[in-house]
Amino acid sequence: MKCKIMKEDVLEGIQKASSIIPTKTGAAFLRTIWLEARDGVLSIMSTDSKLEFSGQYPASIEEEGLIGVHGRNYFELMRKLPPGELELQADMDTQSLLIKQGRRKYKLPTYDPTWFQNFSPFPEEKAIQWSGDFLRELIEHISFCIADDNTDQMYYMKISPLEDSKTIEVCGLNGHQFAMQRFEHQTMFSLLGEEGFLIAKPYLLELRKWLPNEELQFTVNDKRLFFTNQKQNEIFSLPVSYDLFPKYELFLTYFQNETSSMALDKDELLESLDRLSIFNTETQRCSYFVFDDQELVIYSQGQDTGEATETIPMDFQGSLDKIVFPTKNLIEVLHHFESDLIRFEFTKNNGPCKVSGEDDPGYVVIIMPVEIKEETYYTDEVVEEEQL
């Protein structure tokens with residue numbers, strides 16, 4: 001292999017390829033970036049045995065060929081080189097990749113090309129258009145509610161069609177939080193089949209890193225989900241699962257008989273919670289919400305930090321008098337809404353609570369409050385000696 005490339009043409013592709021390979025663990029071929037010079041382009045490919053990335057970038061080819069190099073080292077070298085033309089040449093005698101840029105010369109060891117396995121091609125016949133921006137936002141809205149344990153059924157994001165409509169439902173849960181986004185996409189509806197599929201959380205996070213800020217194409221077969229960018233010079237694919245997903249429909253029915261609701265300004269609530277979090281401790285991580293007519297009283301306390309109380313105007317309906325939320329969890333939930341006005345729907349003080357926003361159509365998050373437990377940190381107690 002021998003070719004010339006412009007660093008600025010390939011650096012982003014090398015960075016994307018290096019981001020999915022293991023840093024230290026795993027077999028050497030999984031830590032490899034594969035470079036193939038052919039038909040006027042340099043193909044850059046990598047895999048961690050599950051995720052696959054391939055990109056094609058313009059190059060001046062003198063000799064065609066395929067080599068593998070240590071992915072992280074190759075990326076770090078390319079990142080630190082100045083812009084300009086680079087010459088890449090494989091030396092099969094020393095099993096090295098020679099890199100030249102002006103008076104700079106480098107030599108990296110290469111791996112046996114027989115290790116290389118062909119990547120899954122993009123199935124163009126079923127590809128449909130989607131927005132990269134919307135997909136990134138969708139992943140951000142859902143992924144924070146997905147469990148981290150890969151032995152848990154809640155390790156996945158579920159994408160499925162709703163019956164008798166053209167609506168797509170995407171959701172994730174982790175035992176104490178649930179996020180769901182619904183949207184319409186007629187062509188995607190037919191692609192998902194009857195049940196849809198699941199995507200593991202780590203794959204979602206890597207997909208989010210790759211996503212371009214433009215329209216893209218995607219499709220799915222019985223094993224993998226495929227994406228390609230507008231130029232169709234990059235392909236990112238990941239495994240899908242058809243395992244069982246926890247039944248979540250039941251707790252959605254709780255809100256058909258809600259007992260109370262509250263609407264208030266999101267930013268004002270966030271600012272209050274941020275200040276109250278100063279008074280949280282490792283053992284007391286909550287904020288107490290007291291519904292006082294049309295004012296919300298929020299307070300927090302800690303044995304070593306003191307107490308804080310704030311009052312926020314709200315629109316309240318119902319009979320609930322008090323509820324308690326983990327402060328940081330609620331802050332994280334609120335940050336995923338665009339709306340200025342946020343609505344809370346309550347079932348009871350220890351039951352699920354639904355959060356929605358008027359400018360976030362189809363998006364809801366359900367959070368669980370904690371058991372109300374007041375603690376008294378300082379007491380004066382008189383103990384009388386028992387008479388014998």
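View 1. Ile159 lies in strand β11, where helices (H or I, at least four residues) and strands (E, at least two) are DSSP runs, numbered from the N terminus. The model is a predicted one, in which local features need pLDDT of at least 70 and side-chain atom pairs count only at pLDDT 80 or more, whereas totals for chains, interfaces and linings use all residues. Residues are numbered from 1 along each chain as its sequence is written, and side-chain values use heavy atoms, with hydrogens and water left out. Ile159 has a relative accessible area of 8% and is therefore buried, a term that means under 20% relative accessible area with a 1.4 Å probe and protein chains only. Not counting residues up to four places away in sequence, Ile159 touches Ile168, Glu169, Val170, Leu192, Glu195, Gly196, Phe197 and Ile199, contact meaning heavy atoms within 4.5 Å.

**View 2. The nine-stranded open sheet.** The strands follow the order β14-β11-β12-β13-β26-β25-β24-β18-β22 with antiparallel pairing, two strands being paired if DSSP finds at least two bridges between them. At the edges stand β14 (197-200) and β22 (315-318), each of which pairs on one side only. Within the sheet, five bridges join β24 (residues 341-346) to the antiparallel β25 (residues 353-357), and Ile342 stands opposite Gly357 in β25.

**View 3. Helices α3 and α5 on the sheet.** Helix α3 (residues 132-143) lies across β11 (156-161), β12 (167-173), β13 (177-184) and β26 (363-367), and runs at about 155° to β13; axes are lines fitted to C-alpha atoms, for helices over the stretch in contact, and angles run from 0 to 180 degrees between N-to-C directions. Helix α5 (residues 201-210) also packs on the sheet, where it touches β11 and β14 and makes about 75° with the direction of β14.

**View 4. The pairing of helices α1 and α2.** The axes of α1 (residues 7-19) and α2 (residues 71-80) come within 9 Å and cross at roughly 150°. That angle makes α1 roughly antiparallel to α2, a description used for angles over 145 degrees. Residues of α1, including Val10, Leu11 and Ile14, meet residues of α2, among them Tyr74, Phe75 and Met78. Leaving aside neighbours within four places in sequence, Tyr74 is in contact with Ile14, Leu35, Val69, Leu88, Leu97, Ile99 and Leu108.

How values were computed:
Buried < 20%, exposed > 50% of the residue type's maximum accessible area, 1.4 Å probe, protein only. Parallel < 35°, antiparallel > 145°, perpendicular 65-115°, else oblique.
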